[in-house]
Amino acid sequence: MQKHDHSGQSALIRLENVTKSFDNTEVLKNITLSIFEGDLVSIIGPSGCGKSTLLRCINALEIIDGGSVRVADMVLDRRAGTDVSHKEIEKRAHRLRQSVGMVFQTFNLFPHKTIVENAMMAPMVVQGVNKEIAREIALRQLDKVGLKSLAERRPDQLSGGQIQRAAIARALAMSPNVMLYDEPTSALDPELVGEVLSVMRELNAEGMTQIIVTHEMQFAKDASDYIVFMDKGEIVEILAEEFMVEHPKDIRTQKFLKRIMSLGREDVTNG
Amino acid sequence: MGKKFLLWLFLLLSFFPHSLLSQSNDNNDHIITFGADARSGAPYCFADPNNPAIIKGFDVDIIHAVAEVMGKRAVFVQNSYEGLISGLGRNNYDVVIDGIVITPEHLAEVDFSTPYYVTSQTIVVPDNNKTINSLEDCRGKKVGTLTGSEAFMFLEKFGGLTVLSYEQEVSGYQDLLNGRIDAFIIDAPVAIYYVPTVKGLKIVGGAIDRLMYGIAVKKGNIVLRDELSAAIAIIKQNGKLRKILEKWKLWNKEMAELTEDRSPSETEPTEYNSFVESMNRSISFQERIDRYISFLPMFAKAAWTTIIVSLFSMIMAMSLGLILAIIRIYTPFKFIAVAYIEIIRGTPLLVQLLLIFYGLPNIGIRLDPFVAGVIGLGLNYAAFEAENYRAGLLSVPRSQYEAAKALGMTQWQALRYVILPQSVRLVIPPVTNDFISLLKDSSLVSMITIVDLTQQYNLLATTYYDYFGIGIQVALIYFIIGIPFVMLSRWAERKIGRNGLRRKKYSFNLIR
C-alpha cells in the first residue's frame with residue numbers, strides 16, 4: 001500500500017449518511033466516507049453488496065435517497081429537512097456528472113464514432129469547446145493512454161484493452177476532479193488487464209483522484225491508498241495498511257478475502 | 001447536415017410545378033374556369049383519342065361558346081366527377097359543366113343556369129338479349145348505372161331490381177358483355193356514343209325520365225348564374241347551340257321543342273363521326289406501340305407529380321414520425337403518440353385523404369389538392385415511421401445513454417448525439433421499404449383531383465377503352481420509379497450488415 005499524507009487537508013469527496021433503495025430493497029445503508037485529493041481507493045465486496053451503486057451515486061447516475069454527496073464544491077444534499085425540488089436536484093446532478101469521470105465494465109464507447117471523436121464529443125457538446133481545440137484535448141488524452149496512433153479507428157477495430165483505455169481517455173477529456181471505475185477489467189481477457197491497470201497507475205502518479213470497484217486484489221493491495229470492504233450495503237471496514245489486508249478484523253472480510261484469494265477472479269464475479 | 005437538407009429541399013421546391021399548387025386562384029376577369037372530369041367520357045368531356053392532350057366534348061364546346069358571348073375565355077380544370085359539386089364550394093373553379101342534371105338534390109347545393117340541353121335515360125343491353133325491352137322488364141334483374149348519377153337515384157326509387165354502380169361507363173359495358181349485369185341504364189348521350197363503338201350492345205326501349213343539363217355555379221352566385229342564362233339564351237337563339245349539338249349528333253326532339261326550332265338538320269355530325277371512327281378503327285401493332293410512345297410525355301409529367309407527392313409526404317412522415325417516437329419513448333405524453341399511431345393505423349388511408357380534402361372545408365379548412373395529398377399521406381405514414389424509429393431508438397442499449405449522461409450530457413444531448421445517430425442506421429432499411437410502399441399508395445391521391453400516374457392511366461384508359469395495355473405501361477412506370485429506392489434499401493442493409501451489427505467480439509452492449 002502506498003499512502004498519501006492528508007494532514008490538514010479537507011476531503012475532495014465526502015459522503016455523509018448516504019442511503020439508496022431500489023424498490024423496497026435498501027442497497028446502501030448509511031454510508032459515510034471521505035476521499036482526499038490524489039487518493040486511489042479500491043472498493044471490494046461480494047456481488048450485490050452495493051459497491052457499484054455507491055460509485056454511481058458519487059456521479060449522480062443514481063440519485064441518493066438520503067444523506068449528502070459532496071464532490072469538490074458541488075453538493076447534493078438530501079438530508080431530512082433539506083427540501084429541494086426535483087428540478088433542482090436534476091440540475092445539481094447534471095453539474096456533478098460533468099466534473100466526475102466514469103469508466104464502465106462494458107466500456108460503452110459510442111460505436112458510430114472513431115476513438116478521437118468519442119473523446120471529442122463531450123467537450124464539444126457539453127462544454128461548447130470548438131472542434132479544433134476539442135481534437136487537441138482528445139489527442140492529448142489518447143496520447144496519455146497510448147492510443148494516439150489509433151485515433152481514427154472505430155471501436156470495433158480495437159481490442160478490449162484498447163477500448164477500455166479509449167474510454168478512460170474519453171472521460172479524461174472532460175478534465176474531471178475524480179475518476180470512477182466500475183469493474184474496469186472484469187470484461188477483459190486476462191492478458192489485457194495489465195495495460196488498463198497501468199494507465200490507472202500512471203494517473204495516480206500524476207495525482208488524479210481515483211475510485212475503483214474491482215476484484216483485482218493484487219492491484220488493490222499494491223496501488224491503493226486504502227481498500228474499502230463492503231457487504232450488504234454497508235462499509236464493513238477500511239483496510240488502510242498492508243497487514244490489515246493479511247489480517248482483517250471482521251469475520252466477513254476474512255471470509256471474502258479467503259475466497260477471493262483461493263478462487264479465480266471469474267468465479268467471484270459470477271458468484 | 002441541416003444546411004444540406006435545406007438546400008436539397010430548396011432544389012426540390014424550385015423544380016416544383018407551380019401549376020399544381022394553384023389550380024384556380026385566377027382573378028383574371030377575362031377567364032372563366034370550368035370544372036369537369038375528363039374521364040366522364042364522350043361526348044361530355046374527354047381526352048381526344050387522336051391527341052389525348054386535348055380535352056374535348058360537347059359540354060366543352062358549349063362552355064366555350066357561352067364564355068365567348070360573355071367576353072371571356074373558358075379554362076378547363078380537372079376534377080373527379082363525384083367531387084365536382086363540392087369543388088364549387090371550395091372555389092376550385094367558377095362553374096361546373098359535365099352533364100350535370102338539374103335536380104332538387106343538386107339545387108339544394110348549387111345554383112343552375114337555365115338548361116342548355118334536354119335528354120333522357122336509355123337502356124343498354126347485350127345484342128343477344130330478347131327479354132328486356134322496357135324498364136318494367138328489368139325487375140328482378142341486375143342493372144348497372146353510374147355512381148352518383150341521376151339514373152342511380154331513379155332506379156333506387158323504381159325498386160324491384162338490383163342496382164350496381166360503376167365509376168366508369170366503360171366498366172359497365174364490360175360487365176354487360178361479361179354477363180355480370182343484365183342491363184345498363186345511362187344518359188342517352190353516353191349510349192349514343194358507346195353502343196356503336198362497343199361491339200355486342202344495343203339500345204332498347206324508349207326514353208325514360210327527362211333530364212335537363214344546366215351549368216352549375218356556387219350557391220348564391222346569382223350574378224354569374226344570370227350571366228350564364230343570358231348567354232345560353234343567345235346561343236339558343238343564334239343557332240350556335242344547335243350547330244354544336246348537331247356536330248355531336250345530339251340534337252333531339254326534346255331540344256327541338258325547347259328551342260321551337262323544328263327545321264331539319266343541316267350540320268354534319270363531324271365530331272361524332274370522328275369519334276366513332278377512331279374507336280372502331282382497328283389499329284396495327286406498330287400503331288399501338290406508337291400510341292403508347294405518344295403517351296410518354298403525359299406519363300412523364302404524371303410520374304413527376306407522383307414522385308414529388310411521395311417525396312414531400314415522406315419528408316413529412318419522417319419528421320413527424322421521429323417526433324412521435326420521441327414523445328412516445330421519452331416524454332410523459334406517451335398516450336398522445338400512442339393514440340395518434342393507433343387511430344391512424346386503424347383507419348383506411350383513402351378515408352383519411354377524402355376526409356382531409358372533401359371533409360375539412362366543412363369546418364373552414366380548404367386545402368389545395370397537392371397540399372391535402374401530401375398532408376394525408378404524410379400524416380398516415382408518420383404513424384408507421386414512428387414505429388420504425390421507436391424500434392430503432394429502443395435497439396440502442398441503455399448503457400449508451402448512461403455513458404452519455406456520465407459525460408455530462410443532458411437527456412436531449414444524449415438523444416441527439418448518441419442515441420439517434422446509432423438508431424438511424426438501423427432504421428434506414430424499413431424506412432426505405434416504406435417509401436416504396438408510399439410511392440404506390442400515392443396513387444390514392446388520384447381520388448382528390450391530382451393528375452398523378454394513376455389518374456393519367458384512368459384518363460387514357462377511358463379514352464381508348466384500353467385498361468390492359470395502358471395498365472401494363474403504367475405498372476412498368478411505377479416499377480421503374482421504385483428501382484432506385486429498392487437499391488437504396490439493399491445498399492443500406494448491406495452497409496449495416498457490415499458495420500453496424502458487428503459487435504460480437506467485444507460486446508459493448510450486453511447490459512441494458
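How many residues does the contact take from chain B and how many from chain A? In this predicted model, the contact takes 21 residues from chain B and 23 from chain A. On the chain B side, α17 (398-406) and α18 (411-441) each supply at least two residues. Helix α17(B) gives the most to that side, with six residues. By residue class, the side of chain B that touches chain A divides into 11 nonpolar, six polar and four charged residues.

Chain B was examined next as a whole. Its secondary structure consists of 20 helices and 12 strands. The C-alpha trace of chain B spans about 95 × 50 × 45 Å along its principal axes. Of the 512 residues in chain B, 43% are buried. Contacts were also sorted by separation along the sequence. Among contacts in chain B between residues at least 6 apart in sequence, 73% join residues at least 24 apart.

Chain B is divided into three parts: domain 1 (23-115 + 214-281), domain 2 (118-212) and domain 3 (286-500). The C-alpha centres of domain 2 and domain 3 of chain B lie 41 Å apart.

One sheet of chain B is open and has five strands. The strand order is β9-β8-β10-β7-β11 (chain B), and the pairing is mixed. Strands β9 (162-166) and β11 (201-213) of chain B stand at the edges. Each has a single partner strand, so one side of each is left without a neighbour in the sheet. Neighbouring strands of this sheet are turned by 25° against each other on average, direction ignored. Inside the sheet, strand β7 (residues 117-126) of chain B runs antiparallel to strand β10 (residues 183-187) of chain B. Four bridges join the two. Within this region, Gln121(B) stands opposite Asp187(B) in β10(B). Helix α6 (residues 150-158) of chain B packs on the sheet. This helix touches β7, β8 (142-146), β9, β10 and β11 of chain B. The direction of α6(B) makes about 145° with that of β8(B).

Chain A also holds an open sheet, formed by four strands in the order β2-β1-β4-β5 (chain A). The pairing is antiparallel. At its edges are β2 (25-35) and β5 (74-77) of chain A, each of which pairs on one side only. From one strand to the next, the twist averages 20°. Five bridges join the antiparallel strands β1 (residues 13-22) and β4 (residues 66-71) of chain A. Thr19(A) stands opposite Gly66(A) in β4(A). Two helices of chain A pack on this sheet. Helix α1 (residues 51-58) of chain A touches β1, β2 and β4, and its direction makes about 60° with that of β2(A). Helix α2 (residues 86-98) of chain A touches β4 and β5, and its direction makes about 140° with that of β5(A).

Elsewhere in chain A, strand β6 (residues 100-103) is covered on both faces. Val100(A) and Met102(A) are buried on one side, and Gly101(A) and Val103(A) are buried on the other. Strand β6(A) runs parallel to strand β7 (residues 178-182) of chain A, and four bridges join them. Val103(A) stands opposite Tyr181(A) in β7(A).

Nonpolar side chains tend to be buried together in soluble globular proteins. In this model, the largest nonpolar core has 214 residues. Those with the most contacts inside the core are Ile58(A), Val95(B), Val96(B), Ala183(B) and Ala216(B). Residues up to four places away in sequence aside, Val96(B) touches Phe34(B), Gly35(B), Ala36(B), Leu84(B), Ile85(B), Leu88(B) and Ala216(B).

Gly41(B) is found between β1 (31-36) and β2 (46-48) of chain B, in the loop. Is this glycine buried or exposed? Gly41(B) counts as buried because it has 24 C-beta neighbours inside 10 Å, and the cut-off for burial is 20 or more. With neighbours within four places in sequence left aside, Gly41(B) is in contact with Phe46(B), Glu169(B), Val170(B), Val190(B) and Thr462(B). The C-alpha atoms of Gly41(B) and Asp98(B) are separated by 9.9 Å, although the two residues are 57 apart along the chain.

Methods. Residues are numbered from 1 along each chain as its sequence is written. Chains are lettered from A and ligands numbered from 1 in the order in which they are written. This is a predicted model: local features need pLDDT of at least 70, side-chain atom pairs count only at pLDDT 80 or more; totals for chains, interfaces and linings use all residues. Two strands pair if DSSP finds at least two bridges between them. Axes are lines fitted to C-alpha atoms, for helices over the stretch in contact, and angles run from 0 to 180 degrees between N-to-C directions. Two residues are in contact if their C-beta atoms, placed from the backbone, lie within 7 Å. Ala, Val, Leu, Ile, Met, Phe, Trp, Tyr, Cys and Pro count as nonpolar, Asp, Glu, Lys and Arg as charged, and the others, Gly among them, as polar. A residue is buried if 20 or more other C-beta atoms lie within 10 Å of its own, exposed if 12 or fewer, and partly exposed in between; C-beta atoms are placed from the backbone. Domain bounds come from an automatic or database domain assignment. A nonpolar core is a set of buried Ala, Val, Leu, Ile, Met, Phe, Trp, Tyr and Cys residues joined through C-beta atoms within 7 Å.
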